Amino acid sequence: MAAMLSETAPVAPAAGAGAHPVRGRRRTAWRAAGFVVPVWVYILCFYVYPLVSNVRMGFQDYTVSSFYTGSAPYIGFANYLAVWRDPQFARIVVNTVLFTAGSLVFQFGIGLALAVFFRRAFPLNGVLRSLLLVPWLLPLVVSGTVWRWMLYYDSGVINQTLLHLHLISQPIPWLVSTKLALVAVTLVNIWVGIPFNMVILYGGLQALPQQVYEAAAIDGAGAWQRFTKITLPLLRPVTLVVLTLGLIYTVKVFDVIMLVTQGGPANSSQTLTTYAYDLSFQQLSFGQGAAVGNLLILVAIVFAGIYLRAVRDQEGPNR
Amino acid sequence: MSTVIRSAAPGRHRARLSKRARATLGTGVGLVIVAVMLFPLYWMLDASLLRPQDLVSRTPIWFPLHGTVAGYRNVLSSQGGHLLVSLVVSLGTMAVTLLVAGPAAYGMAKLRVPGRRPLQFALLVAQMIPGIVMANSLYVIANRLGLINSPLALILADSTLCVPFATLILHSFLRGVPDELSEAAAIDGASRLRTYLSVILPVARNGVITAALFSFLFAWADFLFAVTLTTQDNRAPVTVGIYRFIGANLTDWNSVMATGVIASIPAAVLLVVAQRYVAAGIGSAAVKD
């Protein structure tokens, strides 16, 4: 409402002063467009052009020699076929799904628990809440390095502590076992994502109408009942936003995996993103890397659609 | 009457006590949560100060009692160049981002330019393009232009991480600036550019600072563009420095951790300087338009 008022306010004097109010207003609007020309040019050069060239590269035999000769022949779907026939490909897709699903479930669950907890009033609440943002702000390279150090087989603090508490009798080979490397990178990624989930869910909780809770308390609803019957349903739009956005971010996670396991051992923690990097920048087969990148674009498009719808639905009543 | 008061009094007393107890309990639990979540940071700080023989110890050394700053001395000699590259690239990214995002946000929030909706939409979608796709194409483009290992290429690539976020943040800040200000400036005969530079930007400086700090931080933390667009070691930012450090010498962990501590300083500064806006920043770029 306030935004609408301020948007209509400056129009009034202009309409009174000019002989051709409508044309005058339109002309100033177009002159003002000078302010957004740079960003449109930027979008064309730095998002649209790379995107289009990546899609095109997916259909080209683009290798190191293309840099020297300047030509890359079109080869149809050969890059996609080569990726499809890679014996590792199925494993990598499964890894990507497990990594993403595992990260989302726990990031969201723990983030929601923390958001509900921080709704209580207690001293230092604000300070503690902002301290929890640190994992989100830290360069991922730094977090990844520390976690790798903590997950080491015999000098890592996690194994040492678990042994000390007699929870395990043998150190866990987090980073060197082909069965556990994916668990290890998922664990680290959960830690990274908790603050983001907490902040957005906390914001969502703050916006819920308080009267509903008061009414439910009068009707004798318990805390758990209030949570499952009121909080979760009312939080659904925010939940959808957090999960779709989380999915888009998780599928493109690169730093954490590269720093903790580098996709190894034997591709056991490789996801589509690190696989695309490997194809392009290690095997120097840019066409195949671009093809995998294009698969990631498809995933992003599907979930971006869901996300944008969720945002629109959420904003609907506020406007 | 008196019996009612007498019987109510202890109850009220107990309620207040338990309220205080619950608050204390809340703070206690909160402290434990923060301690667990931030333990990796403490562990980095601890390891950065340990002597090499303590780093491979079979039992955890919880406090660096026999600490050494040798790790930090190593950082300055081996990572100093990388830190300098990171600083240059981050400042450059900040400048490019503000130059593009500031006017765009002003145009969208205050000048009601045509095509505001499509622009917002484009910026939201741009944030979702997978980084590896960008890296793949930008590498090919930079290679064609002979910009591999150039800080300029890194600045431009890193700015793609910041421009949408900064525009959306500034947009929400500028919407809060009263229109009377720019009207008054217009009556005084100020051009739009002049109004933007000397009226709007100073008023919205909190938003500008937030956008600038986030841009700096995103560029500082970037690893994907850094590792793909630099092939020479002396042109690589600190994130790549750490990555290669780990690969090269697996024993020198206190230097690695010291580098990590130093590389975390910008994040700490951001949290202290702009604490209020950090949460707002995460929220506004994610949920709000």
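Where is A:Leu124 found, and between which helices of chain A? The legends below begin with that residue. This is a predicted model, in which local features need pLDDT of at least 70 and side-chain atom pairs count only at pLDDT 80 or more, while totals for chains, interfaces and linings use all residues. Residues are numbered from 1 along each chain as its sequence is written, and chains are lettered from A and ligands numbered from 1 in the order in which they are written.

**View 1. A:Leu124 sits in a loop of chain A.**
The loop runs between helix H7 (89-117) and helix H8 (125-131) of chain A; helices (H or I, at least four residues) and strands (E, at least two) are DSSP runs, numbered from the N terminus. Although not a glycine, A:Leu124 has a positive phi, near 70 degrees. A:Leu124 is partly exposed because 14 other C-beta atoms lie within 10 Å. On this scale, 20 or more other C-beta atoms within 10 Å make a residue buried, 12 or fewer make it exposed, and anything in between makes it partly exposed, with C-beta atoms placed from the backbone.

**View 2. A:Leu284 is another residue with positive phi that is not a glycine.**
Here phi is about 55 degrees. Look for A:Leu284 in the loop between H17 and helix H18 (286-315) of chain A. With 14 other C-beta atoms within 10 Å, A:Leu284 is partly exposed.

**View 3. A cis peptide bond joins A:Gly264 and A:Pro265.**
Omega is about -15 degrees at this bond. A:Pro265 belongs to the loop between helix H16 (255-260) and helix H17 (272-282) of chain A.

**View 4. H7(A) meets helix H12 (residues 181-206) of chain A.**
The two axes come within 6 Å and cross at roughly 40 degrees; axes are lines fitted to C-alpha atoms, for helices over the stretch in contact, and angles run from 0 to 180 degrees between N-to-C directions. H7(A) and H12(A) are therefore oblique to each other, since angles under 35 degrees count as roughly parallel, over 145 as roughly antiparallel, 65 to 115 as roughly perpendicular and the rest as oblique. Their contact has 17 nonpolar, nine polar and no charged residues. In this grouping Ala, Val, Leu, Ile, Met, Phe, Trp, Tyr, Cys and Pro count as nonpolar, Asp, Glu, Lys and Arg as charged, and the others, Gly among them, as polar.

**View 5. B:Phe223 touches residues of both chains.**
You will find B:Phe223 in the loop between helix H10 (205-221) and helix H11 (224-229) of chain B. B:Phe223 counts as buried because it has 23 C-beta neighbours inside 10 Å. Not counting residues up to four places away in sequence, B:Phe223 touches A:Leu140, A:Val141, A:Asp255, B:Thr239 and B:Val240; two residues are in contact if their C-beta atoms, placed from the backbone, lie within 7 Å. B:Val238 is 15 residues from B:Phe223 in sequence, and their C-alpha atoms are 8.9 Å apart.

**View 6. Chain B touches chain A.**
The contact takes 78 residues from chain B and 79 residues from chain A. On the chain B side, H1(B) gives the most, with 14 residues. That side divides into 54 nonpolar, 17 polar and seven charged residues.
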